[in-house]
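Subject: Structure handover

Hello,

Here is the structure for you to look through. My notes on it follow below.

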Amino acid sequence: MSDMLKTQEDRVVDLKEWAQRWDENRIGFHKPQVHEMLESKIDKVLAERTGVRFFFPLCGKAVDMKWLADMGHSVVGVEIAEKAIQQFFVENNLTYSEEAVPAIPGAKVFRNSEKSISLYNCDLYSLTSSVVGQFGAIWDRGSLVAINPRDREKYASLIISLMAKDCRYLLSTLMYNPELYDGPPFAVPGEQVHDLFGERCNVEQLLSENVTEDRHRAWGVNYLIEQLHLITPKIC
Ligand SMILES: C[S@@+](CC[C@H](N)C(=O)[O-])C[C@H]1O[C@@H](n2cnc3c(N)ncnc32)[C@H](O)[C@@H]1O
């Protein structure tokens, strides 16, 4: 890891802090429209498949979930803040029900009436493939960049365990000077994506764009680059 990244290495945001952000409506990361990079690369993710099972790690209330479900795909998300999950269903005019998840103490799952969207209200790391199965696609925006930097290897192993053989994992990462802002989101350089996934997966960079807005300048950073990667399992 470069010396520059060491400034964020030990930064920890605990689950209570995330719930507090939702309670205080400090959710500048939420986008009211479908993410442009997902929209522009959706054909690459689908690869001519229909009815794909998508996983959204750290889903928040991303409207992308409704967009994909409306196209006939199914979505499983995980989110620690119950408020985010409830807002997702209410703001998208979806009736929903909730039930306990016996395999995960304290967890609940919320589903729309068509059962095309299932959002688990629990810690990401309590999910396993025996609970949620494996996925044909993953949309990771605001997730790898939001988890605590020290947990990245654990995160990558979990994500790899949830990838079906034909999985197409679209990952958005952010890069800025971490000496100027302590995150989250945390800076993740492209080389680290290769270090985390390259042994088991093919990693292709699809996009790299300067997405700096005034709200990022207010953090103190002078540039923010968003990179999009397509990750697929290596065939053994
Ligand atoms: C930066 S936000 C991104 C949300 C969403 N992906 C989006 O793009 O709008 C990260 C989300 O992850 C949730 N979160 C953080 N750590 C989590 C964990 N360990 N398990 C489940 N959810 C978590 C937070 O409550 C927050 O809503």
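Two residues are in contact here if their C-beta atoms, placed from the backbone, lie within 7 Å. By that test, and not counting residues up to four places away in sequence, Leu119 touches Cys59, Gly77, Glu79, Ile85, Phe88, Val109 and Phe110. Please keep in mind that this is a predicted model.

Leu119 also belongs to the largest nonpolar core, which has 56 residues. Leu119 is among those with the most contacts inside that core, together with Phe54, Phe56, Phe135, Ala137 and Ile138. Strand E7 (residues 163–175) gives the most to this core, contributing six residues.

One of the contacts of Leu119 is Gly77, which is found in strand E2. Gly77 has 27 C-beta neighbours inside 10 Å; the cut-off for a buried residue is 20 or more, so Gly77 counts as buried. Leaving aside neighbours within four places in sequence, Gly77 is in contact with Phe56, Cys59, Met65, Leu119 and Tyr120. Gly77 and Pro57 are 20 residues apart in sequence, yet their C-alpha atoms are 5.8 Å apart in space.

Four of its five residues are buried, so E2 is largely enclosed by the rest of the structure. What does E2 pair with? Strand E1 (residues 53–56) pairs with E2 in the parallel sense over four bridges, and Ser74 in E2 is the bridge partner of Arg53. Between E1 and E2 the chain crosses through helix H3 (residues 64–70), and this β-α-β crossover is right-handed. Strand E5 (residues 117–121) also runs parallel to E2, joined to it by four bridges. There, Val76 has Ser118 in E5 as its bridge partner.

The pairing of E7 is antiparallel: seven bridges join E7 to strand E9 (residues 225–233). In that pair, Ser172 has Leu228 in E9 as its bridge partner. Strand E8 (residues 201–210) pairs with E9 as well, in the antiparallel sense and over nine bridges. Glu209 stands opposite Glu226 in E9.

Last, the ligand. Which residues are closest to the ligand? Of the 19 residues that surround the ligand, the closest are Trp18, Leu58, Gly60, Ile80 and Gly142. By class, this shell has twelve nonpolar, four polar and three charged residues.

Regards

How values were computed:
Residues are numbered from 1 along each chain as its sequence is written. This is a predicted model: local features need pLDDT of at least 70, side-chain atom pairs count only at pLDDT 80 or more; totals for chains, interfaces and linings use all residues. A residue is near a molecule or strand if its C-beta atom, placed from the backbone, lies within 6 Å of it. Ala, Val, Leu, Ile, Met, Phe, Trp, Tyr, Cys and Pro count as nonpolar, Asp, Glu, Lys and Arg as charged, and the others, Gly among them, as polar. A residue is buried if 20 or more other C-beta atoms lie within 10 Å of its own, exposed if 12 or fewer, and partly exposed in between; C-beta atoms are placed from the backbone. Helices (H or I, at least four residues) and strands (E, at least two) are DSSP runs, numbered from the N terminus. Two strands pair if DSSP finds at least two bridges between them. A crossover is right-handed if, with the strands pointing away from the viewer, the path from the first strand over the helix to the second runs clockwise. A nonpolar core is a set of buried Ala, Val, Leu, Ile, Met, Phe, Trp, Tyr and Cys residues joined through C-beta atoms within 7 Å.
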